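Hi everyone, thanks for making time.

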Amino acid sequence: MASLRLRSDLALVVICVGLYVGAAAQVRSGRHTALSLALGALAAPVTAAANAVGSFWSLVWLGERGLSETIAELGRLRAEADELRRSNQLLTAELAALRQGSQLLARFPALAEYAVLARVQSRDVVLTHTMLIDRGRADGVRLDAPVLAGDGLLGRIDRVSDRSARVQLLTHPAAAAAVRIIGVAAEGLLVGGDQPSITQLPPYTEVPAEAAVVSSGSEGIYPPGLVIGTTGEGTTRGLFTVAPVVLAARATDTMVVLVLPAIGQVP
Amino acid sequence: MKLALAFLAALAAHFALRAAHLWWVLAAGQPLLLVVVAAARARPPVATAWMGLAVGLAIDLVSGRVIGPGGIAGAAAGAAVSLLVRRLELEGPLFWIVGSLAAAACSEGLWFALLSTLGVVPDHGWLGLAATVAMTAAIGLAVATVERGVRAWRSPERARRRLLKRL
């Protein structure tokens with residue numbers, strides 16, 4: 001029987017070709033592996049630890065600033081100020097998150113009954129354009145549910161587990177939403193990317209500068225009337241007028257989000 | 001063994017850098033690629049490419065991407081970095097900075113090319129690519145600084161100086 005000895009470099013090339021074929025199959029099937037879900041569960045404590053370090057650092061920073069101001073103003077009350085600083089440090093981060101949450105609920109009182117308030121656990125606004133929130137299927141979060149920040153629409157849920165969910169931001173290159181520009185009759189399609197823009201408008205459409213952009217609901221994911229952002233200067237490219245959009249909600253500053261029920265979830 | 005520990009540390013750093021309470025720019029870094037750079041120091045190009053393959057697959061897995069293109073890109077990046085390091089005889093801080101820059105640029109560039117052949121929309125654009133290369137190189141710089149510090153701390157000169165002070 002002939003013996004086959006595989007060279008290391010050839011084996012590497014063979015495996016790479018196999019991986020490429022496997023990747024093509026994954027693209028066609030579009031399913032997530034159980035391994036990726038398990039990895040998400042393993043990552044949670046590491047993310048929590050990093051959040052604790054980041055939170056501690058910001059609290060120390062705020063505390064140091066508060067302490068120096070207190071010492072300058074009330075030097076003789078140093079001991080009392082120390083105690084106040086400690087409690088202040090603990091409350092500052094909590095307060096910021098609660099404030100964002102209450103603002104969100106106040107802005108959308110009609111949605112408060114069905115919507116889910118969630119904290120942002122981690123975010124990647126540069127590479128994967130996603131953020132992880134601490135509410136999942138067990139809390140009523142469903143796939144494709146719209147996600148709002150205080151200033152406007154952030155994106156939609158694109159992956160959900162029992163206790164957490166992932167938000168695909170509107171800046172994701174694959175993100176899209178049917179939109180309406182206030183003052184323009186035609187409906188357009190907002191597409192994500194480094195510079196989100198509205199396409200599919202009829203050629204030579206007059207797009208007013210800094211006009212409000214709201215969702216129209218035609219794509220069946222986002223309910224109509226949600227604030228998305230403001231327009232830039234529109235230009236006609238080929239068959240369509242294209243207008244850049246400045247998104248209202250900043251994912252980099254958001255700590256609390258409101259997850260709306262997905263279309264069809266609420267009777 | 002050291003590389004396995006470095007891999008685990010880099011994996012933890014990958015998740016940690018994406019934490020919501022940290023500066024969002026840090027999320028662009030790919031600390032796992034530095035394991036490939038570390039492997040390139042003592043291993044031949046083929047062995048480094050194997051390490052790159054493992055690291056690339058890990059990046060695909062932890063980023064929730066299609067599994068495969070990252071592995072292929074990582075393998076190519078590992079071979080390229082190993083060849084580059086040998087060709088230019090890089091050592092010290094320059095090894096880490098040029099190595100991480102080359103690993104990130106090669107890995108990201110090939111990843112983009114592979115995804116375009118598969119017809120998949122990449123999860124980031126050119127801005128993300130530039131940010132990844134810059135942040136990975138910045139992490140390489142940080143590693144180089146730490147390594148230099150550790151070497152200085154453990155150097156025989158320092159031990160001699162301390163001994164002379166005691167006399």
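Let me start with a question: among contacts in chain A between residues at least 6 apart in sequence, what percentage join residues at least 24 apart? It's 56%, where two residues are in contact if their C-beta atoms, placed from the backbone, lie within 7 Å.

Quick housekeeping before I go on. This is a predicted model, with local features needing pLDDT of at least 70, side-chain atom pairs counting only at pLDDT 80 or more, and totals for chains, interfaces and linings using all residues. Residues are numbered from 1 along each chain as its sequence is written, while chains are lettered from A and ligands numbered from 1 in the order in which they are written.

So, chain A: you'll find 3 helices and 13 strands there. Helices are DSSP runs of H or I with at least four residues, strands are runs of E with at least two, and both are numbered from the N terminus. Of the 267 residues in chain A, 34% are buried. Buried is 20 or more other C-beta atoms within 10 Å of a residue's own, exposed is 12 or fewer, partly exposed is in between, and again the C-beta atoms are placed from the backbone.

Over to chain B, with 7 helices and 0 strands. Here 51% of the 167 residues count as buried. As for contacts in chain B with a separation of 6 or more, 66% are between residues 24 or more positions apart.

How do helices H2 and H3 of chain B pack? Helix H2 (residues 33-42) and helix H3 (residues 45-62) of chain B sit at an angle of about 170°, and their axes are 9 Å apart. The axes are lines fitted to C-alpha atoms, for helices over the stretch in contact, and angles run from 0 to 180 degrees between N-to-C directions. H2(B) and H3(B) are therefore roughly antiparallel to each other, a label for angles over 145 degrees. On the H2(B) side, the contact includes Val35(B) and Val36(B), and on the H3(B) side, Met51(B) and Val55(B) are among the residues. By class, that contact has 7 nonpolar, 2 polar and no charged residues. For the classes, Ala, Val, Leu, Ile, Met, Phe, Trp, Tyr, Cys and Pro are nonpolar, Asp, Glu, Lys and Arg are charged, and the others, Gly among them, are polar.

Now, where do the chains meet? There are 41 residues of chain A in contact with 39 of chain B. Helix H1 (8-29), helix H2 (34-73) and strand S1 (116-124) of chain A each supply at least two residues of chain A's side. That side has 21 nonpolar, 16 polar and 4 charged residues.

On to the largest nonpolar core, with 111 residues. A core is a set of buried Ala, Val, Leu, Ile, Met, Phe, Trp, Tyr and Cys residues joined through C-beta atoms within 7 Å. Val259(A), Val35(B) and Val36(B) are among the members touching the most others. The largest share, 11 residues, comes from helix H5 (residues 92-118) of chain B.

Asp144(A) has a positive phi of about 70° although it is not a glycine, and Asp144(A) lies in the loop between strands S2 (130-133) and S3 (146-149) of chain A. Glu210(A) also isn't a glycine, yet has a positive phi of about 55°. Is Glu210(A) buried or exposed? Exposed, with 10 other C-beta atoms within 10 Å.

Terms used
Angles under 35 degrees count as roughly parallel, over 145 as roughly antiparallel, 65 to 115 as roughly perpendicular and the rest as oblique.
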